[in-house]
Amino acid sequence: SIVTSALGLAPGAPCVRLEIVSSADKRPISRSTSYFPADRFAGMAEAYEETRSITASFRNLGVADYVRRSTEISAIHAEGDDMRQLKLSPGAIILVAMAVNTDLDGTPIQFSRTRFAADRVKLTVEPDA
């Protein structure tokens with residue numbers, strides 16, 4: 001699967017999955033699905049429930065810092081759960097960002113697919129310094 005491949009795991013390896021809807025000004029702006037290797041991050045769901053932060057959850061689980069290895073952004077028409085949870089009208093466009101984060105040793109620790117309500121966000125991508 002795309003998830004196990006992105007995380008460098010064997011096919012069928014267990015993962016922890018988090019579904020998060022983020023809002024601003026009481027309007028949903030994004031819906032993310034993140035996957036973490038279960039053998040290393042079995043407590044991710046509980047850590048996120050407590051901290052409400054992926055970064056703080058990583059710290060609680062022994063990852064002091066991490067880096068973005070890749071981000072791919074595309075645009076599609078919203079459907080199904082994305083349309084409902086982001087409260088979008090039929091025909092609305094969403095931006096889809098698929099990303100892989102690694103620990104500082106380069107080991108993949110998170111694969112995410114985030115859907116943004118395109119008319120509510122502005123994404124800026126800058127080169128590394």
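Residues are numbered from 1 along each chain as its sequence is written, and side-chain values use heavy atoms, with hydrogens and water left out. Because the model is predicted, local features need pLDDT of at least 70 and side-chain atom pairs count only at pLDDT 80 or more, while totals for chains, interfaces and linings use all residues.

Helix α3 spans residues 44-51, where helices (H or I, at least four residues) and strands (E, at least two) are DSSP runs numbered from the N terminus. Its buried residues are Met-44, Ala-47 and Tyr-48; buried means under 20% relative accessible area, exposed over 50%, and partly exposed in between, with a 1.4 Å probe and protein chains only. Seen down the axis of α3, these buried residues fall within an arc of 100° (taken from the directions from the helix axis to the C-beta atoms), so they line one face of the helix. The face turned away from that buried side carries the exposed residues Glu-46, Glu-49 and Glu-50. The buried residues of α3 pack against β1, β2, α2 and α4.

The largest nonpolar core has 12 residues, among them Met-44, Tyr-48 and Ile-54; such a core is a set of buried Ala, Val, Leu, Ile, Met, Phe, Trp, Tyr and Cys residues joined through side-chain atoms within 4.5 Å. β1, α2, α3 and α4 each supply at least two residues of this core, and β1 gives the most, with three. A second, separate core of seven residues includes Leu-88, Ala-92, Val-96 and Ala-117.

The whole structure holds eight salt bridges, each a side-chain nitrogen of Lys or Arg within 4 Å of a carboxyl oxygen of Asp or Glu. Arg-31 pairs with Asp-82, the closest N and O atoms being 2.6 Å apart, and this pair links strand β2 to helix α5, 51 residues apart. Arg-31 counts as buried at 10% relative accessibility, and Asp-82 is buried with a relative accessible area of 10%. Salt bridges that share partners join Arg-17, Glu-19, Arg-31, Asp-82 and Arg-115 into one network.

Notes: Contact = heavy atoms within 4.5 Å.
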